[in-house]
Amino acid sequence: MDKKIKNAPGSRVVLYARVSTEEQAGKDHYSIEAQLHEMRDYASEKGWDIVGEFVDEGESGTKRDRPQLNAALSVAQKKGCDIFLAHELSRLSRSVYHTLDIFDKLGQLQVGFASVKDPEFDFSDPSKRFFLTIMAAINEYY
């Protein structure tokens with residue numbers, strides 16, 4: 001990708017939160033509201049403008065077809081955002097294949113990905129994308 005993905009102050013960001021079950025939210029302490037709260041704070045610290053919040057509650061991360069994930073990706077498809085923000089990579093997907101598919105789509109659209117819990121992730125070159133594959137495999141394993 002030749003063009004630098006915008007992530008400067010003023011960037012438009014969509015938030016995506018997911019939890020499989022209420023029981024999981026209690027165990028992980030990452031309820032939907034807790035995820036959204038941390039993402040809102042993170043976006044505010046970066047100076048990003050939140051243009052949408054999308055929540056899949058009770059949806060497994062092993063499924064690629066989730067209503068609110070599809071809606072958030074639709075915003076990206078329509079050039080309505082610059083950044084896709086999730087609480088952590090495992091909230092986006094628990095499948096290596098689906099994770100790479102989503103990142104491929106975001107890359108084609110020149111939409112960046114950010115994560116509150118993994119703020120140092122940068123997938124702009126092949127060696128860094130290799131790390132994405134490892135993290136996606138760990139998330140699928142769990």
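These are my notebook entries on a predicted model of one protein chain.

**Entry 1: the chain as a whole**

I began with the secondary structure of the protein chain, which comes to six helices and four strands. I then wrote down their order from the N terminus, which is β-α-α-β-α-β-α-α-β-α. I looked up burial next and found that buried residues make up 44% of the 142 residues. For the contacts, I took those between residues at least 6 apart in sequence, and 76% of them join residues at least 24 apart.

**Entry 2: the sheet**

In what order do the four strands of the open sheet lie? I noted the order β2-β1-β3-β4, with parallel pairing. The edge strands are β2 (49–57) and β4, and each of these pairs on one side only. From one strand to the next, the twist averages 20°.

I followed the pairings of β3. With β1, strand β3 pairs in the parallel sense over four bridges. One position I checked was Val-13, whose bridge partner in β3 is Ile-83. Strand β3 also runs parallel to β4, and four bridges join the two. Here I checked Ala-86, whose bridge partner in β4 is Ser-115.

I then asked which residues of β3 are buried on each of its faces. Ile-83 and Leu-85 are buried on one side, and Phe-84 and Ala-86 are buried on the other, so that both faces of β3 are covered by the 20% cut-off for burial. I also recorded that helix α3 lies across β1, β2 and β3. Its direction is at about 155° to β2.

**Entry 3: Leu-15**

I selected Leu-15, which is in strand β1. Is Leu-15 buried or exposed? Leu-15 counts as buried because its relative accessibility is 0%, and the cut-off for burial is under 20%. Leaving aside neighbours within four places in sequence, I listed the contacts of Leu-15, among them Leu-36, Met-39, Arg-40 and Ile-50. The list also includes Phe-54 and Leu-85. Phe-54 is 39 residues from Leu-15 along the chain, yet their C-alpha atoms are separated by 6.0 Å.

**Entry 4: the aromatic residues**

I searched for aromatic pairs, and the count comes to four. The pair I examined was Tyr-16 with Phe-84, whose ring centres are 6.0 Å apart with 40° between the planes. Why is this pair called tilted? Planes under 30 degrees apart count as stacked and those over 60 as edge-to-face, so the 40° of this pair makes it tilted.

I traced the two residues to their elements: Tyr-16 is in strand β1 (residues 12–19) and Phe-84 is in strand β3 (residues 83–86). They are 68 residues apart, and the pair thus links distant parts of the chain. Tyr-16 counts as buried because its relative accessibility is 0%. Phe-84 counts as buried on the grounds of 0% relative accessibility as well. I noted finally that Tyr-16, Phe-84, Phe-103 and Phe-113 form one aromatic cluster.

**Entry 5: helix α5**

Helix α5 (residues 96–108) has 13 residues. From its first C-alpha to its last it reaches 18 Å, close to the 18 Å expected at 1.5 Å a residue.

I looked at both ends of α5. At the N-terminal end, Ser-95 caps the helix, with a side-chain oxygen 3.4 Å from the backbone nitrogen of Tyr-97. Just after α5, Gln-110 takes a positive phi of about 60°.

**Entry 6: Thr-99**

Thr-99 counts as buried because its relative accessibility is 0%. With which side chain does the side chain of Thr-99 make a polar contact? I found Ser-93, at 3.3 Å. Not counting residues up to four places away in sequence, Thr-99 touches Leu-89, Ser-93, Leu-132 and Ala-136.

Note on methods. Residues are numbered from 1 along each chain as its sequence is written. This is a predicted model: local features need pLDDT of at least 70, side-chain atom pairs count only at pLDDT 80 or more; totals for chains, interfaces and linings use all residues. Side-chain values use heavy atoms; hydrogens and water are left out. Rings of Phe, Tyr and Trp (its six-membered ring) pair if their centres lie within 6.5 Å; planes under 30 degrees apart count as stacked, over 60 as edge-to-face and the rest as tilted. Buried means under 20% relative accessible area, exposed over 50%, partly exposed in between (1.4 Å probe, protein chains only). The expected span of a helix is 1.5 Å times one less than its number of residues. A polar contact is a pair of N or O atoms within 3.5 Å; within protein, one must be able to donate a hydrogen and the other to accept it, and residues adjacent in sequence count only if both atoms are side-chain atoms. Contact means heavy atoms within 4.5 Å. Two strands pair if DSSP finds at least two bridges between them. Axes are lines fitted to C-alpha atoms, for helices over the stretch in contact, and angles run from 0 to 180 degrees between N-to-C directions.
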